Amino acid sequence: MTTAAAATSREAQKDDLNALLGGRPIVLVGMMGAGKTTVGRRLATRLGRHFVDSDEEVERAAGMSIEDMFATHGEADFRAGEARVVARLLKEADLVLGTGGGAFVNPETRALVKASAVSVWIKADFELLFARVQRRANRPLLKTANPRETLQALIDKRYPVYAEADVTVLSKDVPQDQVATEIIEALLAHLGGRHG
């Protein structure tokens with residue numbers, strides 16, 4: 001495919017997908033380190049939508065970092081705030097929303113996402129996730145004696161819930177733009193649109 005043809009195909013996919021979505025948000029779910037924020041930003045750019053990271057919005061609303069919220073108020077308080085923020089964000093049109101790893105696990109949040117958005121699980125295998133989360137120290141759930149064991153326990157608990165997302169795309173060690181392309185193609189297939 002020529003560069004011009006590829007650009008035309010991308011534009012057609014963008015128009016087709018946005019028409020099928022009708023303004024509904026795209027909600028990215030998955031574990032910490034799956035690439036929701038990085039892929040989400042690329043996806044939003046490709047589709048002419050705006051991207052919001054729910055963790056950043058929760059921090060802005062609380063006036064403190066997630067790590068501080070966990071330390072000061074506990075996980076339950078953080079989860080309640082997260083649910084309120086996600087509910088507010090889901091009212092926005094033409095949004096790509098990257099959610100925190102535990103957001104979709106909350107039954108009320110999951111029901112809201114199912115009712116008003118299209119969800120995409122960015123699924124990654126354990127080793128890829130562990131390699132990525134090791135690079136950042138701001139993961140309160142992994143501040144344990146055995147972070148590998150903790151991450152595996154979270155995967156075991158959360159993957160069956162993430163599987164309820166409308167679409168599943170595998171996160172691999174490839175350029176995130178490629179993952180964004182796979183999400184667009186998977187959403188078009190799910191919603192019954194044309195392919196590039």
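**Helix packing and burial in a predicted model**

Me: In this predicted model, at what angle do helix α4 (residues 66-73) and helix α5 (residues 75-89) pack, and how is α4 oriented to α5?
Reply: Two packed helices are described by the angle between their axes and the distance between the axes. Here the axes of α4 and α5 lie 7 Å apart, and the angle is about 130°. Angles over 145 degrees would count as roughly antiparallel and 65 to 115 as roughly perpendicular. The angle therefore makes α4 oblique to α5.

Me: Which residues of α5 does α4 meet, and how many residues of each class does the contact have?
Reply: From α4, the residues I66, M69, F70 and H73 take part. They meet E75, D77, F78 and R79 in α5. By class, this contact of α4 with α5 has 4 nonpolar, 1 polar and 3 charged residues.

Me: Is E82 buried or exposed?
Reply: E82 is located in helix α5. It touches D55, V58, G100, G102 and A103, leaving aside residues up to four places away in sequence. Buried means under 20% relative accessible area. The value for E82 is 2%, so E82 is buried.

Me: Within what arc do the buried residues of helix α6 (residues 107-116) fall?
Reply: The buried residues in α6 are T109, R110 and V113. Their cover includes β1, α5, β4 and α8, while the face turned away from the buried side carries the exposed residues P107, E108 and A115. Seen down the axis of α6, the buried residues line one face of the helix, because they fall within an arc of 100°.

Me: Which residue caps the N-terminal end of α6?
Reply: A side-chain oxygen of the capping residue lies 2.8 Å from the backbone nitrogen of E108. The residue that supplies this oxygen is N106.

Technical notes: Residues numbered from 1 in each chain as written. Predicted model: local features only at pLDDT ≥ 70, side-chain atom pairs only at ≥ 80, totals over all residues. Heavy atoms only, no water. Axes fitted to C-alpha atoms, helices over the stretch in contact; angles between N-to-C directions. Helix = DSSP H or I, 4+ residues; strand = E, 2+ residues; numbered from the N terminus. Parallel < 35°, antiparallel > 145°, perpendicular 65-115°, else oblique. Contact = heavy atoms within 4.5 Å. Nonpolar A, V, L, I, M, F, W, Y, C, P; charged D, E, K, R; others polar. Buried < 20%, exposed > 50% of the residue type's maximum accessible area, 1.4 Å probe, protein only. Arc of directions from axis to C-beta. Polar contact = N/O pair within 3.5 Å; in protein donor to acceptor, adjacent residues only side chain to side chain.
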